[in-house]
Amino acid sequence: MPRCRIRPRSRPGAAAAACVLLVAGLGAAPGAVPGAGPLSAPPSVAGPARTAAPSPADPLERFHAQRVQWGKCPEREAPAVMRCATVSVPLDRDRPARGTVRIAVARIPATDREKRIGSLLLNFGGPGSPGVAGLAADPDAFADLGERYDLVAFDPRGVGRSEPVSCAGSQGVQDEAVGDAAAQLAVLRAVARRCELASGPVLPYIGTVHAARDMDVIRRVLGDRKLNFLGFSYGTRLGAVYAAQFPRSTGRMVLDGVDTLSEPLAEQALASARGQQRALDHFLSWCARRHDCVYGTNTRTAKEKVADLVTRLDEEPLVGGDGSYMTGQDAVAAIGAALYSKTMWPDLADALATAERDRDPVGLLQLGGPAQPPPDDDDDGGPDEGPAVPPDNGDAALVAVNCADDPDRSNADADPAAVEKEVTDRSAEFAKASKVFGPYQLMTVLSCYGRPAGTDFIRNIDRPGAPRMLLVGTRGDPATPYEWTEETAERLGSAVVLDYKGDGHTGYDSSPCVQGYVHGFLLDGRLPGGTRSCPAGD
């Protein structure tokens, strides 16, 4: 089966530099955060999008009626049939005269033109991951859908080649600030300010509500009456927010690896720590049945040994023959990355054995963590590529989007002592969720420190009247717990849940059964009622 590259809902190490030293100074365990950043202006609830040709009174007419020029794509590995363009969207849909944003879009035409349905917009996850590069890297994973759909992907605003945001350097706390909570928090506020200065006018208008509105402009420009959509991980949040804003323009929609619409960032991190630990337990049970598992056959002691490895590496990192090294938190990121797909479990078992027996980090380093594809700086005659993609764009965008989507801010923000108390009070709760992943996720209580509150639109989605759609939840998902699938289905009010009993993040890539349901709906419109299920290992 072709392997599609699903981007993570949130990269555990994305903002680690911003908080690891800070936690050490506050007396709590090191941790990473899903992200922090300036938020979008509070949006109003958009009414259903009109699907007829825009009238002269339509303030968005110039965006809906634009003609785009498709040309060669800047990505080196893009297939020859893939074409790229830029689509202009309003900076603020409610105030379209305020400015524009240029969105990078890619399209692979349907291979069976006689049976073509229309366009299928894809989002592979994130936030902070470019969709154009994702489609270029692995189009064959969607070949069956690509027979009757034009496969379309885009870089959400602020990401990749769509006016990328940046924080112009490290998002971390400098050594001289360690031990002084007030100084450390001041650094985080300064980083937020640096992000504003480096990112330009798009930063206050970043976030899922705005990105979903851009999707509707893309739909209109492509000439589709309805938006057909397949979203993974963070892409499920994007799809749900589109359906809430534009229910009458929502077509066939599949959301796989379903994100939460209601949990604050700190609670998301706690749930993710539990989900990652559950996935690690499943891996260790699998490993225990191998004759050469480095942790033996006792899964209870195996969990303790993994936690001990992380502690040892934080005290004394592993150093490779080439000078590369791995800390405990690096190891947590590598283990978490490998848990995203069961196909990576053998590599994870070998990497842990090499680290434990040989004190060599090479295996864990090869697992690494999900990374943003590097920018292609070659001018190869393709479409206008816009500004170069900053090296920190993935992290900066992840931070900004997650905070723009979250309205909660701690009352402790102005008081370093209160921040220290909040971190200390929650440390036991996170450690109980997972000795390995809990401390790593703890600092989400500071993920949006110094940033204004985000929109409450997503939190308030409640049965928007969208057509029936398919939601896929995986029981052993380390990033988006299955209960989020059920919660989001309830919030949307029109979803059929597909309960995949397997492991890994998302189900489409892993299960022919899941693919059967997804293809049946997207290609033929078949969607049975109630909750359906797919077995593990089918």
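## Strands, a buried Asp and an aromatic cluster

Strand 2 pairs with strand 4 (residues 149–154) in the antiparallel sense, over four bridges. Keep in mind as you look around that this is a predicted model. Strand 2 covers residues 100–108, and strand 1 (residues 83–90) also pairs with it in the antiparallel sense, this time over eight bridges. The table shows residues that stand opposite each other in these pairings.

| Residue | Stands opposite |
|---|---|
| Arg-83 | Arg-107 in strand 2 |
| Val-105 | Phe-154 in strand 4 |

Next, let's visit Asp-392. You will find this residue in the loop between helix 12 (362–367) and helix 13 (393–404). Asp-392 does have a polar partner: its side chain and that of Ser-166 are joined by a polar contact of 2.8 Å. Leaving aside neighbours within four places in sequence, Asp-392 is in contact with Ser-166, Cys-167, Ala-168 and Gly-169.

Finally, look at the aromatic rings. The count comes to eight aromatic pairs. One of them is tilted: Phe-142 and Phe-232 sit 6.1 Å centre to centre, with 45° between the planes. Phe-142 belongs to the loop between helix 3 (131–137) and helix 4 (143–146), while Phe-232 is in strand 5 (residues 227–232), so this pair ties together parts that are 90 residues apart in sequence. Are these two residues buried or exposed? Both Phe-142 and Phe-232 are buried. Together with Phe-124 and Tyr-508, Phe-142 and Phe-232 form one aromatic cluster.

Notes:
Residues numbered from 1 in each chain as written. Predicted model: local features only at pLDDT ≥ 70, side-chain atom pairs only at ≥ 80, totals over all residues. Heavy atoms only, no water. Pairing = 2+ DSSP bridges. Helix = DSSP H or I, 4+ residues; strand = E, 2+ residues; numbered from the N terminus. Polar contact = N/O pair within 3.5 Å; in protein donor to acceptor, adjacent residues only side chain to side chain. Contact = heavy atoms within 4.5 Å. Phe/Tyr/Trp six-rings, centres within 6.5 Å; stacked < 30°, edge-to-face > 60°. Buried < 20%, exposed > 50% of the residue type's maximum accessible area, 1.4 Å probe, protein only.
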